[in-house]
Amino acid sequence: MTKKKRERKGKPFWVRGTYFDYPSLFLILFLLLFGLMMVYSISSYKASVSYDDSAYFLKRQLLFGAVGFIIMIGVSKIRYQLLMKWSKVIMIITIILLIAVFIMGAASHGAQRWINLGFISFQPSEIAKVSLIIYMAYICSTKTSWLKTKSGLLPTFAVAGIVCALIVKENLSTTGVCAVIAVAVWFVVTPKKRYLVIIIAVLALFAYLGVKGASYRGDRITAWLDPEHSENGYQTMQALYAIGSGGLFGRGLGQSVQKLGYVPEAHNDMIFSVICEELGIVGGIALIIVFGMLLWRFKFIAEAAPDRFGALLVTGVIAHIGFQVALNIAVVTNLFPNTGVTLPFISYGGSSLSFLLVEMGIVLSVSRQIVPIREEKEVTV
């Protein structure tokens, strides 16, 4: 294709920016490598017993991490504005996949939330998080008339409500994450507190109905209130024992006792407890600080984004990671009932890691189109 034809086609497919947020890339790499290290340290015993290969879980996580990282770099080189054009298509595909879970979904840990294609299995709910970030950023950057009135709340959150309704049966915690993403993106554009109260009240009602609709969710609340005497408080108590036994500086990397079958899902939902056991409270706080630094860099990218759509994309990612990290740590420390939510970058899980890295690619794509201050001055002059 000649240069003139490319110009007629519009802007190039690839980003050719002069800026790239290397601090964000470094923090992402650090969390990714730290997560791989902790997955191996914590899962090696279970992998040896169950699969006769201490590196079984590490190999699988490494494969998804490597593929996800390559996809992240590829996505970071694509103009994020193209996502606005394809946001509706992406959302339609996501909704179809969420419906397919009820028809052909595979069960795991008592919940039907996976689609198994034979060569690969994945959770459509993980795709829903990315899709919702893209779709809400599109709605809140183009349908501004919906954001100005109370009657506009319904069309603004209509699709988000459908997504949450499809996920709520399989995973209430993921439903909460999706709801927070949608509300956060909307609130950044229209910070009307009285409307926010209405939204929170509706979400609280649905959360209550979700808990009442499944007896095991009520049991989790009972266990949260009194884990020591509850039949369902075993996992929480073992996680607290792990955190307490680690002390200030921990037992040492690989020296956890609780990972030897005492903490259920030690390499998944409860991985933060064993991190504190091996690296101590200092290690746990250091990890939280790293997450805080990553969110701070993303805040900078959102504020410097060249348009509203880019800023809202990054806002959605901030809401996703920030809320999920806080929720996971709150569950592990028994500040919140057990929900089964993972710790981003750190917990074992191929589909969650892969789609999280897709989100990172979108953020880095936005960062590539930031105009450096030096260039702004030159343009002004």
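Student: Which residues in α7 meet which residues in α12?
Tutor: This is a predicted model. From α7, the contact takes in G176, V177, V180, I181, A184, V185, V188 and V189. Their partners in α12 are R308, L312, T315, G316, A319, H320, F323 and Q324.

Student: How many nonpolar, polar and charged residues does the contact of α7 with α12 have?
Tutor: Gly counts as polar here. R308 belongs to this contact, and Arg counts as charged. By class, the residues are 10 nonpolar, 5 polar and 1 charged.

Student: Why is α7 oblique to α12?
Tutor: Helix α7 spans residues 172-189, and α12 spans 308-332. Their axes come within 9 Å. Angles over 145 degrees would count as roughly antiparallel, and 65 to 115 as roughly perpendicular. The pair is oblique because the axes cross at roughly 140°.

Student: How do α3 and α13 run, roughly parallel or roughly antiparallel?
Tutor: Take helix α3, residues 56-76, and helix α13, residues 350-368. Their axes come within 7 Å and cross at roughly 20°. Angles under 35 degrees count as roughly parallel. Therefore α3 and α13 are roughly parallel.

Student: Which residues of α13 make the contact with α3?
Tutor: The crossing of α3 and α13 is right-handed. On the α3 side, the contact uses Q61, F64, G65, G68, F69, I71, M72, V75 and S76. On the α13 side, it uses G350, L353, S354, L357, V358, M360, G361, I362, L364, S365 and R368.

Student: How many residues in the contact of α3 with α13 are charged?
Tutor: The contact holds 11 nonpolar and 8 polar residues. R368 of α13 takes part, and Arg falls in the charged class. The charged count is 1.

Student: Which residue makes a side-chain polar contact with T94?
Tutor: T94 lies in helix α4, residues 82-104. At 2% relative accessibility, T94 is buried. Beyond four places in sequence, T94 touches I127, A128 and S131. The side-chain polar contact, at 2.6 Å, is with S131.

Student: How far apart in space are F291 and I28, C-alpha to C-alpha?
Tutor: F291 sits in helix α11, residues 271-304. In sequence, F291 and I28 are 263 residues apart. Their C-alpha separation in space is 9.3 Å.

Student: What is the phi of F345?
Tutor: F345 lies in the loop between α12 and α13. F345 is buried, with a relative accessible area of 3%. Although F345 is not a glycine, its phi is positive, at about 75°.

Student: Is N334 buried or exposed?
Tutor: N334 also lies in the loop between α12 and α13. Its phi is near 65°, a positive value in a residue other than glycine. Relative accessibility is 17% for N334. Buried means under 20%, so N334 counts as buried.

Conventions. Residues are numbered from 1 along each chain as its sequence is written. This is a predicted model: local features need pLDDT of at least 70, side-chain atom pairs count only at pLDDT 80 or more; totals for chains, interfaces and linings use all residues. Side-chain values use heavy atoms; hydrogens and water are left out. Axes are lines fitted to C-alpha atoms, for helices over the stretch in contact, and angles run from 0 to 180 degrees between N-to-C directions. Helices (H or I, at least four residues) and strands (E, at least two) are DSSP runs, numbered from the N terminus. A crossing is left-handed if the near helix is turned anticlockwise from the far one by less than a right angle, and right-handed if clockwise. Contact means heavy atoms within 4.5 Å. Buried means under 20% relative accessible area, exposed over 50%, partly exposed in between (1.4 Å probe, protein chains only). A polar contact is a pair of N or O atoms within 3.5 Å; within protein, one must be able to donate a hydrogen and the other to accept it, and residues adjacent in sequence count only if both atoms are side-chain atoms.
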